[in-house]
Amino acid sequence: MSIDLREEPDAAIVPAVPPRRSRWWWLVLVPVGAFALLLATGLGRDPGEMPSELIGTRAPAPSLPTLDGDGTVDLAAFRGNVVVVNFWASWCLECFEEHPALVAAWERYRDRGVVFVGVDFEDTPEAAAAYAAEQGGDWPLAADPGSRAAIDFGVFGVPETFVIAPDGTITAKRVGPVDYAWLSAEIDRALRRGTT
């Protein structure tokens, strides 16, 4: 009896081989999972509480034209005082929301050697002047042509507020609107630092 090897074997006795699965899924799943984890951990943080690399470093000290164009605001001239630098714009809703806290802190600290400086960020002079007249506050207001000061301070958007100790060191930074409690606590801390 001869066996013909050319005959196909009976399908009933040939074991079924599972189809080969593609392994491309992990090339998609791993990066998507890592991105989802990044979003989940980063988006839950308050940007106002994120640490800044500028804390503890010497503050930039630009000389900027006043908002009305009649003079200059020289941050270096304020050394020896606590300085609050607030970047704002007329088109910024959060700037409008934080303004009462700035006014209240200014009224409390202006006679204690604390200087406020408002720096208008990427705005038109007319809109900035109208906003300043409407909102009040008589601290120095500066324009920032070419966003030089904003770049020096590492500003990403407005509002952003910096507290500078009398020795010229940045002691606090807030991204987003400030409230009175945060502002007064940081000013008090900078004042204490100036007396030690």
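## Close-up views of a predicted model

View 1. Buried means under 20% relative accessible area, exposed over 50%, and partly exposed in between (1.4 Å probe, protein chains only). S3 is thus mostly covered, with seven of its seven residues buried. Helices (H or I, at least four residues) and strands (E, at least two) are DSSP runs, numbered from the N terminus. This is a predicted model, in which local features need pLDDT of at least 70, side-chain atom pairs count only at pLDDT 80 or more, and totals for chains, interfaces and linings use all residues. Residues are numbered from 1 along each chain as its sequence is written, and side-chain values use heavy atoms, with hydrogens and water left out.

**View 2. The pairing of S3 with strand S4.** S3 and S4 (residues 114–120) run parallel and are joined by seven bridges; two strands pair if DSSP finds at least two bridges between them. Phenylalanine 87 has valine 119 in S4 as its bridge partner.

View 3. The whole structure holds two cavities of 30 Å³ or more. A cavity is a set of points on a 1 Å grid over the protein atoms alone where a 1.4 Å probe fits but cannot get out, and lining residues have an atom within 4 Å of a point. Grid points are joined across faces, edges and corners, and a volume is the space filled by probe spheres set on the points. The largest cavity has about 90 Å³ of space. Strand S3 (82–88), helix H2 (93–109) and helix H3 (125–135) are the elements that give two or more residues to its lining. H2 gives the most, with four residues. Among the lining residues are Asn86, Trp88, His99 and Tyr131.

**View 4. The second largest cavity.** The volume of the second largest cavity is about 70 Å³. Its lining includes Pro60, Phe78, Arg79, Val83 and Ile164.

**View 5. Threonine 66 in its loop.** Threonine 66 lies in the loop between strand S1 (63–65) and strand S2 (72–74). Threonine 66 counts as buried because its relative accessibility is 16%. Its side chain makes a polar contact (2.6 Å) with the side chain of aspartate 68. A polar contact is a pair of N or O atoms within 3.5 Å; within protein, one must be able to donate a hydrogen and the other to accept it, and residues adjacent in sequence count only if both atoms are side-chain atoms.

Methods
On a 1 Å grid over the protein atoms alone, a cavity is a set of points where a 1.4 Å probe fits but cannot get out, and a pocket is an open set with protein on both sides within 12 Å along at least five of seven lines; lining residues have an atom within 4 Å of a point.
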